[in-house]
Amino acid sequence: MNWVKATICLFHLKTGLENFVKNGICEVHEQILSKIAKDIGLPNNSKPHCDQCTTNNVTPCFSRHKICRYDQLGNCKYHDPARPETSKRNCPNNICHRIAPELKRLHSSRAPHYMSTDATKWCAQPLELAKCFLVTEGYKTVDSIDDIDCAGLLTIIESCKHFEQKVDDIFVFQKVCMFVLRNFIHLMFKIAY
Ligand SMILES: [Zn+2]
Ligand SMILES: [Zn+2]
């Protein structure tokens, strides 16, 4: 019976986190694309769209991003200029290279992680922006925010400044998380002893 209660607690915690992250990341996606639409002078209600730029093409070359690997001469293998799919360049639609600076602005330590994300989907899928706030490569093949575990969801909330703006929500959210976790630990203790 206690295991059932514990499972229900975890289920509610995970669902709450998923919805919180899903809504927040959709807002981030919308805000970034709206800003770019304005900056490049797209007509009202037109959404910027591009699927032609790889992550290699439109991310800055910087060792803190952990994707860059330099040879002895200091040339980055990730941003290899010899191949069109890896060379660093601006987006032909004037969109994708403008997204990385926005991600940097929103990242709590100004160093988004690009190991898991696919920039060809940045305009279409908010999930690919969410992956830039995760710290491991483990989420590369994840297709939905629902498939990100609690640790990953908490990392996104912690790393993306957009969630800081939801101070009241964060406060309530932390209280709910603590309540559920406390009950979960209490139940585990009762089961063990
Ligand atoms: Zn590089
Ligand atoms: Zn592009």
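Of the 193 residues of the protein, 26% count as buried, where buried means that 20 or more other C-beta atoms lie within 10 Å of a residue's own, exposed means 12 or fewer, and partly exposed covers the values in between, with C-beta atoms placed from the backbone. The model is predicted, so local features need pLDDT of at least 70 and side-chain atom pairs count only at pLDDT 80 or more, while totals for chains, interfaces and linings use all residues. Residues are numbered from 1 along each chain as its sequence is written, and chains are lettered from A and ligands numbered from 1 in the order in which they are written.

**Fold and contacts**

- The protein has six helices and zero strands, and its pattern along the sequence reads α-α-α-α-α-α; helices (H or I, at least four residues) and strands (E, at least two) are DSSP runs, numbered from the N terminus.
- Among contacts with a separation of 6 or more, 61% join residues 24 or more positions apart, a contact being a pair of residues whose C-beta atoms, placed from the backbone, lie within 7 Å.

**The largest nonpolar core**

- The largest nonpolar core holds 34 residues, of which Val21, Cys96, Leu129, Ala130, Ile156 and Cys160 touch the most other members; such a core is a set of buried Ala, Val, Leu, Ile, Met, Phe, Trp, Tyr and Cys residues joined through C-beta atoms within 7 Å.
- Two or more residues of this core come from each of α1 (2–39), α3 (99–106), α4 (126–130) and α5 (150–159), and α1 gives the most, with seven residues.
- Leaving aside residues up to four places away in sequence, isoleucine 156 touches Val21, Ala130, Phe133 and Leu134.

**Positive phi outside glycine**

- Asparagine 45, which lies in the loop between α1 and α2 (55–58), has a positive phi of about 70° although it is not a glycine, and this residue counts as exposed because it has 6 C-beta neighbours inside 10 Å.
- Asparagine 94, which lies in the loop between α2 and α3, is a residue other than glycine with a positive phi near 65°, and asparagine 94 counts as partly exposed because it has 15 C-beta neighbours inside 10 Å.

**Pairs separated in sequence**

- Cysteine 68 is found in the loop between α2 and α3 and is partly exposed, with 17 other C-beta atoms within 10 Å.
- From C-alpha to C-alpha, cysteine 68 and methionine 115 are 9.8 Å apart in space and 47 residues apart in sequence.
- Not counting residues up to four places away in sequence, cysteine 68 touches Cys61, Phe62, Ser63, Cys76, Tyr78 and His79.

Definitions and conventions: Contact = placed C-beta atoms within 7 Å.
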